[in-house]
Amino acid sequence: DSPWYSWYRFHHWPDSYDSWWGIRTLPAVEESSPSYVDFIIDAKDSIIRRWLRAGASGWRLDVADELPDWFLEKIRAAMEETAPDSVLIGEVWEDGSNKIAYSQRRRYLLGSETHGLMNYPFRTALLAYLSGGDADDFREAMETLRENYPRFAFYSAMNALGTHDTPRILTLLGVGNECRDRSREWRSSFRMDPDQRRRGKELLKLGAALLFAFPGSPTVYYGDEAGMEGFEDPFNRRTFPWGHEEPELLDWFTRLGHLRQESAALRRGGIRYRVSDGPLLAFTRTCGEETILAAFNTGDQTAALRLEDGERVQLLLGAARFQSAPQGHTLTLPPRTGSLMRLLAGQEEGTAYSD
């Protein structure tokens, strides 16, 4: 007799029904039920419309693979009608341009469904680079994604180092995968030692600088900016350490946020790779007259980056150092650091710094 009975698929009422991946506390919903579509999308006070009118900027759809294309299209249409500037992001772990789910090629990025996707391919490639991989593998993976994605999707991708579905990024970078076979009890009480935490912080600052410098929408999982650690769920969901944040990381993320807000090049600029070789990665973001140079060194040794003729830099964030020589200007990048600089092509001798 329940008005919501048609929303669920019972094999035997009331104790046998479809559920998400067999988890009984997460009953599966029948999206095609007219009253469900009305409740979520179509009605004047539907979930989608009500919260957009209340001030939400958009929706992120969990497990977008398990929502049919027609359902995504209806959500997008309702959002455009209610709040034309709102954004629809889908959780997809792979390259969304050629994703096949349940034997169907999906249409996420063809213009009628999502505006962008969670960029797990970015996270995968960045973690490999931060863990000692070749910078050119990162470049190749990201250029493949740029080739496959429409421009709007590439620049609207939800880029992140960590999420509620992954171990804490600080733990991954400081410890690596060496503890994957330890018991849950051991992982629940594990805390990094000072050397692990120091290395994790260095690589996290580098990774965060790349996150905020790269095309797409930089997204920070709560507490990563405060130095929280922990393995997979539920150890990545501890409460925020109010009053005990890691000052060095909090300041770094704050400054990155300000730079991103102030720089049109970092928000909307095109990307051009300068070098991607071993531990050394550098690219520029250009919008109008502004060009930002982002340079990274994941290695244990200092690295040098040669600038183009006539280029000088204004250091915005990081530890890179400009060196002038008759054979050309170079940047010196300390080990495990990332730096953001404004290019000053054609300027007089002398370099401005603000660090």
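In the predicted model, a polar atom of the Glu 91 side chain lies 2.5 Å from the backbone nitrogen of Val 63, within the limit for a polar contact (a pair of N or O atoms within 3.5 Å; within protein, one must be able to donate a hydrogen and the other to accept it, and residues adjacent in sequence count only if both atoms are side-chain atoms). Glu 91 belongs to the loop between β4 (87–90) and β5 (100–101); helices (H or I, at least four residues) and strands (E, at least two) are DSSP runs, numbered from the N terminus. With a relative accessibility of 6%, Glu 91 is classed as buried, where buried means under 20% relative accessible area, exposed over 50%, and partly exposed in between (1.4 Å probe, protein chains only). Leaving aside residues up to four places away in sequence, Glu 91 touches Arg 60, Leu 61, Asp 62, Val 63, Ala 64, Asp 65, Met 118 and Asp 165, a contact being heavy atoms within 4.5 Å.

Because the model is predicted, local features need pLDDT of at least 70 and side-chain atom pairs count only at pLDDT 80 or more, while totals for chains, interfaces and linings use all residues. Residues are numbered from 1 along each chain as its sequence is written, and side-chain values use heavy atoms, with hydrogens and water left out.

The protein chain contains 11 helices and 17 strands. Its C-alpha trace spans about 85 × 50 × 40 Å along the principal axes. Of the 355 residues of the protein chain, 48% are buried. Among contacts between residues at least 6 apart in sequence, 68% join residues at least 24 apart.

Two packed helices are described by the angle between their axes and the distance between the axes. Helix α1 (residues 34–42) packs with helix α3 (residues 69–82) at an angle of about 40 degrees, and the axes are 10 Å apart. Axes are lines fitted to C-alpha atoms, for helices over the stretch in contact, and angles run from 0 to 180 degrees between N-to-C directions. The two helices α1 and α3 are therefore oblique to each other; angles under 35 degrees count as roughly parallel, over 145 as roughly antiparallel, 65 to 115 as roughly perpendicular and the rest as oblique. On the α1 side the contact involves Tyr 36, Val 37, Ile 40, Ile 41 and Asp 42, which meet Trp 70, Phe 71, Lys 74, Ile 75 and Ala 78 of α3. The residues of this contact of α1 with α3 comprise 8 nonpolar, no polar and 2 charged. In this grouping, Ala, Val, Leu, Ile, Met, Phe, Trp, Tyr, Cys and Pro count as nonpolar, Asp, Glu, Lys and Arg as charged, and the others, Gly among them, as polar.

A salt bridge is a side-chain nitrogen of Lys or Arg within 4 Å of a carboxyl oxygen of Asp or Glu, and by this rule there are 33 salt bridges. One of them joins the side chains of Arg 106 and Asp 69, at 3.4 Å from N to O. Arg 106 lies in the loop between β6 (104–105) and β7 (116–117) and Asp 69 in helix α3, so the pair ties together parts that are 37 residues apart in sequence. Arg 106 and Asp 69 are both buried. Glu 113 and Arg 107 form a salt bridge with their closest N and O atoms 4.0 Å apart. Here Glu 113 is buried at 0% relative accessibility, whereas Arg 107 is partly exposed at 34%.

In a salt bridge between Arg 197 and Glu 246, the closest N and O atoms are 3.4 Å apart. This pair links distant parts of the chain, with Arg 197 in helix α9 (residues 194–213) and Glu 246 in the loop between β9 (217–219) and α10 (247–262), 49 residues apart. Glu 246 is buried, at 16% relative accessibility. Arg 197 and Glu 246 also belong to a network of salt bridges with Lys 201, Lys 205, Glu 229 and Glu 248.

Helix α4 (residues 120–130) is mostly covered, with 9 of its 11 residues buried. Elements covering the buried residues of α4 include α5 (135–148), β8, α7, α9, β11 (280–287) and β12 (290–297). Just after α4, Gly 132 adopts a positive phi of about 110 degrees.
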